[in-house]
Amino acid sequence: MAINTNQSFFGGNSNFFSDWASLKNGSYAKLTKAYYGNQNSTSSTTKAGAGKTSYVIDRLIEERKNPTVSKQAQEANSKLTAGIGSLKSSVATLQKKDTYTAEEGKTASDKVVSALKNYVSNYNDVVSAAKKSTLSNKTSLIASAMKSTTANKDKLAEIGITVNKNGTLQFNEGKAKSADITKVQDLFSSDNLLSYGSTVASRLQFAGGISTSTAAGTKKEEDTGSSSVSYAAGLKTDSEALASDQLYKKIKGTDGKEEYNLDKILATVKSFAGNYNNMFEAAKTSKNAGVVTNLSYIQSKTEKNKDALKQFGITLDKNNKMKVDEDTLKKSDMPALQKFFKNYGPSINTYASLVDHYSKSNANNANGYTATGTYNVQGISQFSDFV
């Protein structure tokens, strides 16, 4: 089957409709009927032929509902499920502060190199199993983790890890031993929700299942990110205000001269920064892929504009928290500030709206079939032999 990697309307989020949904909403049936309809259009169709085509369609739909899994696929599915658990443990080790401190008989560097080596080994096991697995909900999430790995390939190369064409990793122990361990710690940081390590951990969390059974046998719901909704809405409102003409209307000062209402502008910027920080803080416990993905887009957009933000006194600390220098902001060129938010703001508004949307809808599914019957695993085509 050809893989379609076109991004969806909602910015290419790694949230996909389930296979069952594609059957239930009729998209799979429509797809197969359209295909066989085209096949039969080139020749005359008899009643017997029509019955045969109908049988083929029904059989295909039944096979999709109750697929026959080969022994090889069963083994791959088992290895993938077990491998995800091992890889989660490897990421957790690289996120622990203790990994970066020396202990009796072991230097911090030795511990970090060992943890990285283990991570690469488990990562490759998972990728290899995913290539032969039929568990689409898991393989699509592994593909998403692989895309994040590729996005961070330069940083990984600095610590001795290179990305192969087939998506697996290669470990250079010598380079890892000479690497700055603070770079490893930053790359896998658990404090930064959108670090490489946190992103991979998030994908593995979804792939491993996000619900647990209680003693009573009922399912316990995980945090969907709903606590970040009000902050996302506030961020959107502030962003729109900072691009509006209304905020920059001049008022008469004490000397009778017209001037910008700097207190009002400052308050709006501080509110924007506050909602930005609180939104990310609230999402730290989120298990919602849609929330986390769109937060990553917001962070990426902000990171690309950090120099422009800095000229207005808005800076980002090492954990990507916004800070506002009041004096710098008040001395800034206000028309330039408005122009900046007219360019920067629309993207933030879109992604904040999607954070709000996914928080409310709990859009956690990650299977490959879309409503139109096409298979869409974001980023999967970049690896030459993933399927």
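**Entry 1: helices α12 and α13**

I began with helix α12 (residues 262–282) and helix α13 (residues 289–304), which pack at an angle of about 140 degrees with their axes 11 Å apart. Axes here are lines fitted to C-alpha atoms, for helices over the stretch in contact, and angles run from 0 to 180 degrees between N-to-C directions. Helices (H or I, at least four residues) and strands (E, at least two) are DSSP runs, numbered from the N terminus.

The angle makes α12 oblique to α13. I noted the cut-offs: under 35 degrees is roughly parallel, over 145 roughly antiparallel, 65 to 115 roughly perpendicular, and the rest oblique.

I looked up the hand of the α12 and α13 crossing, and it is left-handed. That term applies if the near helix is turned anticlockwise from the far one by less than a right angle; clockwise gives right-handed.

Which residues of α12 and α13 meet? From α12 I listed Y276, M279 and F280; from α13, L295, I298, Q299 and T302. By class, this contact has 5 nonpolar, 2 polar and no charged residues. Contact means heavy atoms within 4.5 Å. Ala, Val, Leu, Ile, Met, Phe, Trp, Tyr, Cys and Pro count as nonpolar, Asp, Glu, Lys and Arg as charged, and the others, Gly among them, as polar.

**Entry 2: what I am reading**

This is a predicted model, where local features need pLDDT of at least 70, side-chain atom pairs count only at pLDDT 80 or more, and totals for chains, interfaces and linings use all residues. Residues are numbered from 1 along each chain as its sequence is written, and side-chain values use heavy atoms, with hydrogens and water left out.

**Entry 3: the whole protein**

I found 16 helices and 8 strands in the protein. Of its 387 residues, 43% count as buried. Buried means under 20% relative accessible area, exposed over 50%, partly exposed in between (1.4 Å probe, protein chains only). Among contacts with a separation of 6 or more, 73% join residues 24 or more positions apart.

**Entry 4: helix α4**

I turned to α4 and helix α6 (residues 136–151), which pack at an angle of about 45 degrees, their axes 11 Å apart. The two are therefore oblique to each other. Their crossing is left-handed. L80, T81 and I84 of α4 make the contact with K138, T139 and I142 of α6. I sorted the residues of this contact into 3 nonpolar, 2 polar and 1 charged.

S90 is also found in helix α4 (residues 71–95). Is S90 buried or exposed? S90 counts as buried, because its relative accessibility is 1%. Leaving aside neighbours within four places in sequence, S90 is in contact with N118, Y119 and N122.

**Entry 5: aromatic rings**

Rings of Phe, Tyr and Trp (its six-membered ring) pair if their centres lie within 6.5 Å; planes under 30 degrees apart count as stacked, over 60 as edge-to-face and the rest as tilted. By this rule I get 13 aromatic pairs.

One of the pairs is F340 with F341, edge-to-face, 5.3 Å centre to centre and 90 degrees between the planes. F340 counts as buried at 9% relative accessibility. F341 is buried too, at 0%.

F341 also pairs with Y344, edge-to-face, at 5.7 Å centre to centre and 75 degrees between the planes. Both lie in helix α16 (residues 334–361), 3 residues apart, about one turn of the helix. Y344 is buried, with a relative accessible area of 1%.

Last, I traced a cluster: ring pairs link F272, Y276, F280, F312, F340, F341 and Y344.
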